[in-house]
Amino acid sequence: MYKYDMDELFELSIEALRKKGVEIQDIAEVVYELQKDYAPITIELCEENVLAVLRKRETIHAVLTALAIDKAVDQKLFDEPIQSIIEDDEGLYGIDEVLSLAVVNIYGSIGLTNFGFLDKQKIGIIDKLDKMKGKEVTTFTDDLVAAIAAAAASRLAHGFRIKEEEQHHEA
Ligand code: MG
């Protein structure tokens with residue numbers, strides 16, 4: 001069996017997201033919206049944080065799993081009743097969110113607050129994925145993208161806090 005190294009897995013997960021219509025820039029824009037009122041940030045800084053999240057093994061595994069499930073359901077490969085439950089994105093089906101928690105929790109509890117916010121306030125690419133429902137299965141993808149944005153936003157917020165603490169110590 002061929003063993004993939006982390007760089008290959010990272011590239012494959014970026015490619016899988018792109019095939020689903022999700023670019024790094026799209027996720028960076030969500031991070032920007034989440035953080036712009038709290039810190040002087042740029043889109044480039046948001047993109048850097050998204051990439052750092054995407055390079056994590058937990059994220060790569062979650063991305064590949066989530067996208068594989070949505071793809072298989074799109075191709076009607078699952079047995080009933082789970083085929084219909086995922087295809088219809090049934091309200092009480094929460095396994096898509098549970099899978100995403102693997103990413104949300106990487107940088108602590110701010111991630112969970114942001115994730116909850118994005119579930120209600122569908123921003124940018126998350127709204128676009130939500131509106132694809134009915135044409136294409138995005139049941140796992142939407143939560144996953146929200147999770148990546150939430151984790152990147154908390155990574156960014158922690159970075160700023162560390163800088164502030166350093167300044168405090170110097171003063
Ligand atoms: Mg979902």
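How many residues does helix H4 have, and how far does it reach from its first C-alpha to its last? Helix H4 (residues 57-74) has 18 residues and reaches 26 Å, close to the 26 Å expected at 1.5 Å a residue. The expected span is 1.5 Å times one less than the number of residues in the helix.

This is a predicted model: local features need pLDDT of at least 70, side-chain atom pairs count only at pLDDT 80 or more, and totals for chains, interfaces and linings use all residues. Residues are numbered from 1 along each chain as its sequence is written, and side-chain values use heavy atoms, with hydrogens and water left out.

**Overall fold**

- The protein chain has 9 helices and 0 strands. Helices (H or I, at least four residues) and strands (E, at least two) are DSSP runs, numbered from the N terminus.
- Along the sequence the pattern reads α-α-α-α-α-α-α-α-α.
- Along the principal axes, the C-alpha atoms fill a box of roughly 65 × 40 × 25 Å.
- Of the 171 residues, 40% are buried. Buried means under 20% relative accessible area, exposed over 50%, partly exposed in between (1.4 Å probe, protein chains only).

**Helix H4**

- The buried residues of H4 are Thr59, Ile60, Ala62, Val63, Ala66, Leu67, Ile69, Asp70, Ala72 and Val73.
- Lys76 follows H4 and has a positive phi, near 55 degrees.

- Asp96 lies in helix H6 (residues 95-104) and Asp142 in helix H9 (residues 139-170), so the pair ties together parts that are 46 residues apart in sequence.

**Pockets**

- The largest pocket has a volume of about 300 Å³. On a 1 Å grid over the protein atoms alone, a pocket is an open set with protein on both sides within 12 Å along at least five of seven lines; a cavity is a set of points where a 1.4 Å probe fits but cannot get out; lining residues have an atom within 4 Å of a point.
- Grid points are joined across faces, edges and corners, and a volume is the space filled by probe spheres set on the points.
- H4 gives the largest share of the lining of the largest pocket, 6 residues.
- That lining has 5 nonpolar, no polar and 6 charged residues. Ala, Val, Leu, Ile, Met, Phe, Trp, Tyr, Cys and Pro count as nonpolar, Asp, Glu, Lys and Arg as charged, and the others, Gly among them, as polar.
- The second largest pocket holds about 180 Å³ of space. Of its 16 lining residues, the closest to its centre are Glu97, Asp119, Lys122, Asp142 and Asp143.
- The lining of the second largest pocket divides into 5 nonpolar, 1 polar and 10 charged residues.

**Cavity**

- The whole structure has 1 cavity of 30 Å³ or more.
- Ile14, Leu17, Arg18, Val22, Glu23, Ile24 and Ile27 line the largest cavity.
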